[in-house]
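Here is a short briefing on one protein model.

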Amino acid sequence: MWENLLLGVSTALTPTNLLWCFAGVVLGTVIGLLPGMGSATGVAILIPLTLTVEPVTALILLAGIYYGAQYGGTITSVLLSTPGEAASVVTTLDGYQMARQGRAGAALAIAAIGSFAAAILSLILLAALAPPIAQVALRFGPPENLAVMVLALVTMVVLTTGSTLRAAAMACVGVLIACVGIDAGTGQARYTFGSINLLSGIPYVEVVIGLFAVGEVLHQIRVGGARPIRAGFRDLVIRRSDIRDSAGAIGRGSLIGFALGTLPGAGSTLASFLAYGLEKRVSRNRENFGRGAIQGVAAPESANNAAANANFIPTLTLGIPGGATTAVLLGALTVYGIQPGPLLFTEQPDLVWGLLVSFFIGNVILLVLNLPLAPVFAQLLRVPYGLLYPLILVTSFVGAFAIDNNFFSVVLVLLFGFVGYGMKRLDLPMAPLVVGVVIGALLEKALVQSSAIFDGNMWLLATQPIAVVILLIAAAMLTAPLLARHRAGRKEHADVR
């Protein structure tokens, strides 16, 4: 392995590759700042511009855009409550509340530190465990993926603050929204009401932009007269205690992100939600989550970055994309005449290991660039909200239109903006709804495929050991709070007697 790493270092540290790596992370950060763009769109747009350079150089640039966009989405999530893509949604829950409390700089700094730490840990694991993990990932078929999706929904429902029943209802609404479009099993149009625009479904990007960005603006307009944040410079700088409090969250988030990132199709979004849910579960101050807990930023950001790196395991070793962006990168590999698969590591080690080492270099560049600039970014919150709110709305609508150059996307953003405003008025949780929207299509696909495998007899799911274990964990998470409340009620009744 050391020989391969040295080969990767010699490949990645050439002046040309270093320059393109730097350009990639900077471009990625800018792309991440634009709501609706996302890393997949940014990579797809720039593939034609890379056809004149060496494949390894092109891949280093595109990979830099990939993880640079992750941090760009974090900046808008924290400062403007505007997630650049679905993986940044969870960061909005506590990151924006920290910004409202004058701690935007600390939120952005811990996001950069957590992402860097996750990148280092995931890259070490990636270099050491890629081949054996790829073999384990091969054992995850539709039944196992179905169980993982169920676990994700249950985790978010159980760990949402407030009424579990409301959280479950919102998760179901999210899944129903994801069902709009073509039926995965029959190919029939479903819930489209005759609209051609709905045949391809309701994209989650428009949903999250509307719920969080437009919904927050409408809510703040109703509340009225919010003053710009006037935090002192010390409040914008991360403290040593913040790093100490976040260390565990970063470690746990990194491991969860890496584990889920190795599963084909799981992507970074599911990892960020599960990492946030686990952190809320184990935290001693779980009541602070959703109100500005720094662990609520550290955990999903670490998971997000670790999953982004781990996504390359199924992509490079199996030729199966780990997520939307790696699916685009997989297409780029084909364009460059490269055949991904188990033989890639032995036939083109300079390309593979040069790319992996560039991940480390790119994350160092991101840390060096963004850690000192976190307080500078936070100064955006000093802009009077009378000027900031129109900027948020314009950015949201332009970003939505840019996704498909379709005005219907703008209509969807506005519609879900009113939905988000109504949910805030009624104190309904948004996170379960977003989880339902994001994984609803994946859940349905896994369900249809599993039903086909079992010839319609879903009881045969019990013959799949991995799926059974995952579903038992989900059942335990769902019943444990109910049992705890029942025991507490019996104890209180006994004390009264």
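Contact here means heavy atoms within 4.5 Å. By that rule, and leaving aside neighbours within four places in sequence, methionine 458 is in contact with Leu146, Leu447, Ser450 and Ser451. This is a predicted model, where local features need pLDDT of at least 70, side-chain atom pairs count only at pLDDT 80 or more, and totals for chains, interfaces and linings use all residues. Residues are numbered from 1 along each chain as its sequence is written, and side-chain values use heavy atoms, with hydrogens and water left out.

**Overall**

- The protein has 21 helices and two strands. Both are DSSP runs numbered from the N terminus: helices are H or I with at least four residues, strands are E with at least two.
- Of the 497 residues, 54% count as buried. Buried means under 20% relative accessible area, exposed means over 50%, and partly exposed lies in between (1.4 Å probe, protein chains only).
- Take the contacts between residues at least 6 apart in sequence: 79% of them join residues at least 24 apart.

**Helix packing**

- Two packed helices are described by the angle between their axes and the distance between the axes. Axes are lines fitted to C-alpha atoms, for helices over the stretch in contact, and angles run from 0 to 180 degrees between N-to-C directions.
- Helix H2 (residues 15-32) packs on helix H4 (residues 55-80) at about 30°, with the axes 6 Å apart. That angle makes H2 roughly parallel to H4. The cut-offs are under 35 degrees for roughly parallel, over 145 for roughly antiparallel, 65 to 115 for roughly perpendicular, and oblique for the rest.
- H2 passes H4 in a right-handed crossing. A crossing is left-handed if the near helix is turned anticlockwise from the far one by less than a right angle, and right-handed if clockwise.
- The contact of H2 with H4 has 13 nonpolar, 12 polar and no charged residues. Ala, Val, Leu, Ile, Met, Phe, Trp, Tyr, Cys and Pro count as nonpolar; Asp, Glu, Lys and Arg count as charged; the others, Gly among them, count as polar.
- Helix H8 (residues 164-178) and H20 cross at roughly 35°, and their axes come within 7 Å. The crossing is right-handed.
- On the H8 side, the contact residues include Ala167, Met170 and Val173; on the H20 side, they include Pro432, Leu433 and Gly436. By class, the contact of H8 with H20 has 11 nonpolar, three polar and no charged residues.
- Helix H5 (residues 89-100) and helix H13 (residues 295-310) have axes that come within 8 Å and cross at roughly 145°. This crossing is left-handed.
- From H5, Val90, Thr91, Asp94, Gly95 and Met98 meet Gly296, Val297, Pro300 and Glu301 of H13. The contact of H5 with H13 holds four nonpolar, three polar and two charged residues.

**Aromatic pair**

- Rings of Phe, Tyr and Trp (its six-membered ring) pair if their centres lie within 6.5 Å; planes under 30 degrees apart are stacked, over 60 edge-to-face, and the rest tilted. The count comes to one aromatic pair.
- Tyrosine 276 and phenylalanine 289 have ring centres 5.5 Å apart and planes at 70°, so the pair is edge-to-face.
- Tyrosine 276 sits in helix H12 (residues 267-282), and phenylalanine 289 in the loop between H12 and H13, 13 residues apart. Both residues are buried.

**Loop between E2 and H9**

- Tyrosine 191 is in the loop between strand E2 (189-190) and helix H9 (204-223). Its phi is near 60°, a positive value in a residue other than glycine.
- Tyrosine 191 is partly exposed, at 46% relative accessibility.
- Threonine 192 lies in the loop between E2 and H9. At 8% relative accessibility, threonine 192 is buried.
- Leaving aside neighbours within four places in sequence, threonine 192 is in contact with Gly181, Leu198 and Leu199.

**Loop between H20 and H21**

- Methionine 458 is in the loop between helix H20 (431-453) and helix H21 (465-496). At 28% relative accessibility, methionine 458 is partly exposed.
- Methionine 458 and proline 143 are 315 residues apart in sequence, yet 9.5 Å apart in space, C-alpha to C-alpha.
- Aspartate 455 is in the loop between H20 and H21. Phi of aspartate 455 is near 60°, a positive value in a residue other than glycine.
- Aspartate 455 is exposed, with a relative accessible area of 72%.
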